[in-house]
Amino acid sequence: METQFSLEDSPSFRMIRLDEVDSTNSYLRRLDMQDDQRPTLVTAEFQSAGRGADTNRWESERAKNLLFSLRLMPGNLPVRRMFAVSEVAALAVRDALNAFAPGFCIKWPNDIYYEDSKVAGILIENDLQGAKIRCSTIGIGINVNQRRFLSDAPNPRSLADIVGHDIERRLVLEQFMECVLQYMKSLDEGKDDVLDALHEHYKEGLYRMGEEHKFIDEMGVFCAKIIDVEQSGHIILQDAKGIRRYEFKQLKYII
């Protein structure tokens, strides 16, 4: 069963709270909201088929973490600046977690890291309409209070493990919503100068930016440093041979 309500301090969006669902992203994409342009937030205590990038699954112990999806209708955002949705989501999660412990950063394109461990993941699905984005469905998993992870994910960690005690999950969600509603103003304006400022802010928070590290692509392992991320979302690396440019999934970090 679902309960619909607006948070007392945030009447500008719709919220749906679920106990269990296959995936909050899938639930939102099935939901008919043609007459409601407000941002819609769906949370769940457990996902039976939580989704990560590609065919990956997102591990989360029941009632320990935050599992939610946010649906936005960024009608003024041109398709060529679609990566701004990813930037908004990543910055909002990063800022929300930094309110509890400083030191979080964004691993390109939108994982949230603390030191060399992954604390949150983001999955974005955009539906296009001509040259504009009709809607964006942003699925987010944040490891809040889970201490033991059973999957073969290489480096998960939770906020509770970082700060040394459990955290009220609702407080983290409220921080996220406060941050994302602020960042969404950039999407609503859709102007290049505003989006350019957002993009620079995103790059300032990147994990391993400007540092020499090992990476792997289809040709094998190499050493390089990240020097830029384009507005399109492509990442730019430099090694001894020159410049390398990658789309998402063409490059893997070696942690």
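A: In this predicted model, Phe83, Ala84, Glu87, Val88, Ala90, Leu91 and Arg94 of helix H2 are in contact with Leu195, Leu198, His199, His201 and Tyr202 of helix H5. By type, the residues of this contact are 8 nonpolar, 2 polar and 2 charged. H2 covers residues 83–98 and H5 covers residues 192–204. Their axes come within 10 Å and cross at roughly 50°, so the two helices are oblique to each other. The crossing of H2 and H5 is left-handed.

Next comes the sheet. Five strands make up an open sheet with antiparallel pairing, in the order S12-S11-S10-S9-S13. S12 (242–246) and S13 (252–253) are the edge strands; each has a single partner strand, so one side of each has no neighbour in the sheet. Within the sheet, strand S9 (residues 212–217) and strand S10 (residues 220–229) run antiparallel and are joined by 6 bridges. One of the residues involved is His213, whose bridge partner in S10 is Ala224.

Strand S10 also holds Val221. Val221 counts as exposed because its relative accessibility is 53%, and the cut-off for exposed is over 50%. Leaving aside residues up to four places away in sequence, Val221 touches Lys214, Phe215, Ile216 and Ile254. Between Val221 and Lys252 the C-alpha to C-alpha distance is 9.4 Å, with the two residues 31 apart in sequence.

Note on methods
Residues numbered from 1 in each chain as written. Predicted model: local features only at pLDDT ≥ 70, side-chain atom pairs only at ≥ 80, totals over all residues. Heavy atoms only, no water. Axes fitted to C-alpha atoms, helices over the stretch in contact; angles between N-to-C directions. Helix = DSSP H or I, 4+ residues; strand = E, 2+ residues; numbered from the N terminus. Parallel < 35°, antiparallel > 145°, perpendicular 65-115°, else oblique. Left-handed = near helix turned anticlockwise from the far one by under 90°. Contact = heavy atoms within 4.5 Å. Nonpolar A, V, L, I, M, F, W, Y, C, P; charged D, E, K, R; others polar. Pairing = 2+ DSSP bridges. Buried < 20%, exposed > 50% of the residue type's maximum accessible area, 1.4 Å probe, protein only.
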